Amino acid sequence: MQPNSRKTLVLATLIPIVMFGFGFALVPLYDVFCRVTGLNGKVNTSPLTEAEQRNRNNQQETMSRGVRVQFVTMNNGDMPWEFAPLEHDAVKVQTGEDFTAMFRVTNTTDRFMQGRAVPSVSPSEAAQYFHKVQCFCFDQQDLEAGESLDMPVVFEVDKELPDHIRTITLAYTLFDVTQVANNN
Amino acid sequence: MDAASDIAHEAQHHHGPASGLSRWVFTTNHKDIGTLYMWFSFLMFLTGGSMALVIRAELFQPGLQLVDPGFFNQMTTMHGLIMVFGAVMPAFVGLANWLIPMMVGAPDMALPRMNNLSFWILPFAFTMLLMTLFMDGGAPNFGWTFYAPLSTQYAPPTVNYFIFGVHLMGISSIMGAINVIATIFNMRAPGMTLMKMPLFVWTWLITAFLLLAAMPVLACVVTMMLFDINFGTSFFNAAGGGDPVLFQHLFWFFGHPEVYIMILPAFGIVSQIIPTFSRKPLFGYASMVYATASIALLSFIVWAHHMFTVGMPLAGELFFMYATMLIAVPTGVKVFNWISTMFRGSLTFETPMLFAIAFIVLFTIGGFSGLMLAISPADFQYHDTYFVVAHFHYVLVPGAVFAIIAAVYYWLPKWCGRMYDERLGKIHFWWSFIGLNLTFFPMHFIGLAGMPRRIPDYALQFADFNMLASIGGFVFGFAQVFFLFIVIRCITSGEKAAANPWEGAEGLEWTLPSPAPYHSFGTPPKID
Amino acid sequence: MNRFFSLLKSVTGAFLGVQSGKQLDNDAEEKSVWPFVITGIFMTVLLVIGIAAAVRIVLTNISG
Amino acid sequence: MDTSVCRWLNAPLSRLLQAALVLSLLPQDAAAEIPLNMPVGVTDISRSVYDLHMTIFWICVAIAVVVFGVMFWSIIHHRKSKGAKAAHFHENTVVEIIWTLIPMAILIAMAIPATATLVKMYDTSDAEVDIQVTGYQWKWHYKYLDQDVEFFSNLSTPREQIENTAEKSEHYLLEVDNALVIPTGKKVRFLITSNDVIHSWWVPHLAVKKDAIPGFINESWAIVNEPGVYRGQCAELCGKDHGFMPIVVDARSPEDYQQWLLAKQEEKEQQAQQAAAATARTWTHEELMAEGEKVYARACAACHQPSGAGMPPVFPSLIKSPITTGDINAHIDIVVRGKPGTAMQAFGNQLTPAEVAAVVTYERNAWGNDTGDTVTPTDVQEHNAQ
């Protein structure tokens, strides 16, 4: 085989693999990109390890201040479950300290269903300063007919939060993933 | 003109084209494939145009008179897809096939068999797309920009045919681009250096690179859609961790280079026609070449100005506003080069020149509305209204379509050896010019006044201007049927055309006799 | 060294959309096209970083 | 180029030109009420957006006059038929640099007020009223956070007007049954999201346009200066009735707003009692059919068509269909719970049990189905209780 046709052969196999790899890696790449830039309200959905948590707190000497965090819940599509914050819809939180909020979800139907809550933060600029230590949105909720569940979310608002942000809205959309869950 | 005679002599003893249908199905000749592309593009132009007339007929008056909203959405979607992928792009590939080999002194395209395949994919792709109109659930109804989740979870069952159709069109465009690059880089006649190539060849070289870089992203998006719809993945479904905005980023990352793909060849055509009828060399050839070359890279950093209202953080909005403003200037300013070419020239106004001048005037109006859209806070009021519809129709119809029509009038004598009827050409020009402005200029006002895009019925305050636009739409539509008549009349019974019918025309293709022999430049021409 | 500067000059000229015939001719001597492409990509990345920096400056001193 | 210059530039001059332009096109009376430019709007933001729009518009007009002037002058004077001899110049980088830097300078000057307005738009300071706006396939849902008031806002233009069998009213296609009432002079914050596909909430007079994306929440705000009714439409293709889901914002003085809020909360209790009474009350077959027809026209005709024929296969027909003539419980179940993965929504939380009973009775006896069944609100309640 002449040298240059071997070169084209190598290229002809290498390039599609690289292109497919890039296309395939785009989704995790997109998540990283969103987490770094806080684009469109993507919050970090992976839990913070204790170590990361501790060294973040003592790094910041900036003065801690109150921030109003508003909880909004909604169902997507025909999801019949009832889903609402347990106590109050808005709380005053000190930056740098953990806060636990409880949410209640009830399966009002007469059959087994699986739901998944997707978080979103507004203003999207605040997403990168909103760290969730533990959240029910990290995993799926499987509820029998009529079963109800109180779910905690533990979060901490970073002290570095820019001053002009005084209210953060944490919105959860509840999706019916019953079939999706059976597929994969 | 001794070069022309020995080329003609040399063409005789070559075997001529095969006869009958097999000539067209198995052709590997760049002239025949160019003709196939041009006729296919004309057929798609009339098909897409008739869908536009259905839309304009429904919007003639407030109230639902003609079609139900579901079918109306199918018409807007198919009109967009067929005009972009079926009329404008194949027409430019057809012009590339016909002209690039002759302009660079090459006997044919570098990969003739792939050239045949990249054409013959298109009829199948568009049959697959158009047959969805007659299937259960109707044709795609989610707009030519097919945003998720409307195009994934809420799509009619025919969305899979749409996906495979788009795949085939993408493959055809990529193969066309590879062919053009291989021909331009490897098969130029000795002496025809890159820096001496006609500007049409340069713009097509950059368009080919844009195609190579942008089409795979479109293929990637529709494949992700296919997996979301059929195999339960969640690329664009928030339930499974996906994100509908990811779709918009990917689509517009392809989308903006796509609009340059549809306008650069038009820049090339106008840069050939204006100097001919001004009898003066193109002003600032170097600036045009370098500016076109810079678009190959700059067009990839502005895509999110189509998404200013999606809820981007402030930093994103500012970045894309500034980037869009910066790159609008080098491209917009090219208009001054054409005007300087005309300035102190010796102008005559045959039909190609009329269309080229209309291109400059009306494309610049489209460019200005584009500048207004770049201002992000103002875009909150313009986005997805008829102001945007007016913008991109002013850039595409007098932009791409008028350039293609001008190219057909300009090179038809070379292709078929006969002259078109100048009087009919001028009638066609003024008829199209008036129809076009009557259709799209009122859209600026109803868009500013608050009429959203893609709606089958509207409030009463938009009634009068919509009526004007609908009348203009029909006027413009029938002008193009008249154009079909002119072309057929010219091919069948136009009087003989000289090898170079235009007094100021330069370029290797004019050294060939008219009609250009089946095989030209068997021996490469000598370039001084 | 001056080859590098002429490359830089021609690519900035391309970004601005203004170029002289002279620059075009001496670029024609360049055998391969790759130096232009690489400088072009490098300049595009520079432009992107430049605009991003401008945005960061604008954001810091208005919200500060 | 601060905005006061634009205001001087815009007010008298543009009115004159626009009026002249329109008058030349259209008869006198029609020109009077045709809006043909971006509304100035009723918030400071919409005012500055209007100024930006008119400033860039006048810049483009100025450049166009110069550019086309030179071009047409050259078309007239440099014609071959008038013996013009072609010059040979074909390059002049100095001229080119000038005509590149001038537009770039203009644009950079334009970027300053644009950035200022954009930054003001992204002001996240606290709002007095938070409203959650949710886009549904082909209606809007408004929820006043911390006030426990929420309602759907449907298009209220009668179907006859759309099908041209009746005279079109003044606000044709821009009128809803429940308008969104907000106080003037106070900051109102809109948290915008969607229940199914991407919509876009747009009110031109407030200069607010934000996409409603399922699974994500977007934020926008407005401080309305003058009371009044401001109308807008959905601005992102969202399916069949994308053109039929308008937005009506009714801005009132803070006092009227408070009164409206109290009235709305009382109305909510009344409705609850009414629904309870309606469920308890015994309905005759005829009453159920009459009520059922009204509920059908409002909630179901959009897809299943007034004739019940629907548009198969996306919207199935109800005439002689296995559901409307088959088992009653299955029929109630599909109306209450909808069918996931299709356009059939769950109407359980949108209709009271009495309305569900009425519409099911109507569907089982209309268009020749006449199964003779009568579904009472108590049947519906028993079904929901299982």
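The structure is a predicted model.

Starting with the interface, 96 residues of chain B are in contact with 92 residues of chain D. Putting the two chains together buries about 8200 Å², and carbon and sulfur atoms account for 72% of that area. On the chain B side, the residues that lose the most area to chain D are B:Phe283, B:Phe380 and B:Gln381, which together make up 9% of what that side buries.

What about charges and polar groups? The rule finds one salt bridge across the interface of chain B and chain D. It pairs B:Glu503 with D:Lys80, and their closest N and O atoms sit 3.1 Å apart. Polar contacts between chain B and chain D come to 26 residue pairs. As for where the chain B side comes from, helix H11 (residues 314-332) of chain B supplies the largest share, with nine residues. Sorted by type, the residues of chain B that touch chain D split into 57 nonpolar, 26 polar and 13 charged.

Over in chain A, there is an open sheet of four strands, lined up in the order S2-S4-S8-S6 with antiparallel pairing. Strands S2 (82-85) and S6 (130-135) of chain A each have a single partner strand, so one side of each has no neighbour in the sheet. From one strand to the next, the twist averages 25°. Inside this sheet, strand S4 (residues 98-106) and strand S8 (residues 148-157) of chain A run antiparallel and are joined by nine bridges.

Key:
Residues are numbered from 1 along each chain as its sequence is written. Chains are lettered from A and ligands numbered from 1 in the order in which they are written. This is a predicted model: local features need pLDDT of at least 70, side-chain atom pairs count only at pLDDT 80 or more; totals for chains, interfaces and linings use all residues. Side-chain values use heavy atoms; hydrogens and water are left out. Contact means heavy atoms within 4.5 Å. Buried area is the accessible area (1.4 Å probe) that two parts lose on being put together, summed over both. A salt bridge is a side-chain nitrogen of Lys or Arg within 4 Å of a carboxyl oxygen of Asp or Glu. A polar contact is a pair of N or O atoms within 3.5 Å; within protein, one must be able to donate a hydrogen and the other to accept it, and residues adjacent in sequence count only if both atoms are side-chain atoms. Helices (H or I, at least four residues) and strands (E, at least two) are DSSP runs, numbered from the N terminus. Ala, Val, Leu, Ile, Met, Phe, Trp, Tyr, Cys and Pro count as nonpolar, Asp, Glu, Lys and Arg as charged, and the others, Gly among them, as polar. Two strands pair if DSSP finds at least two bridges between them. Axes are lines fitted to C-alpha atoms, for helices over the stretch in contact, and angles run from 0 to 180 degrees between N-to-C directions.
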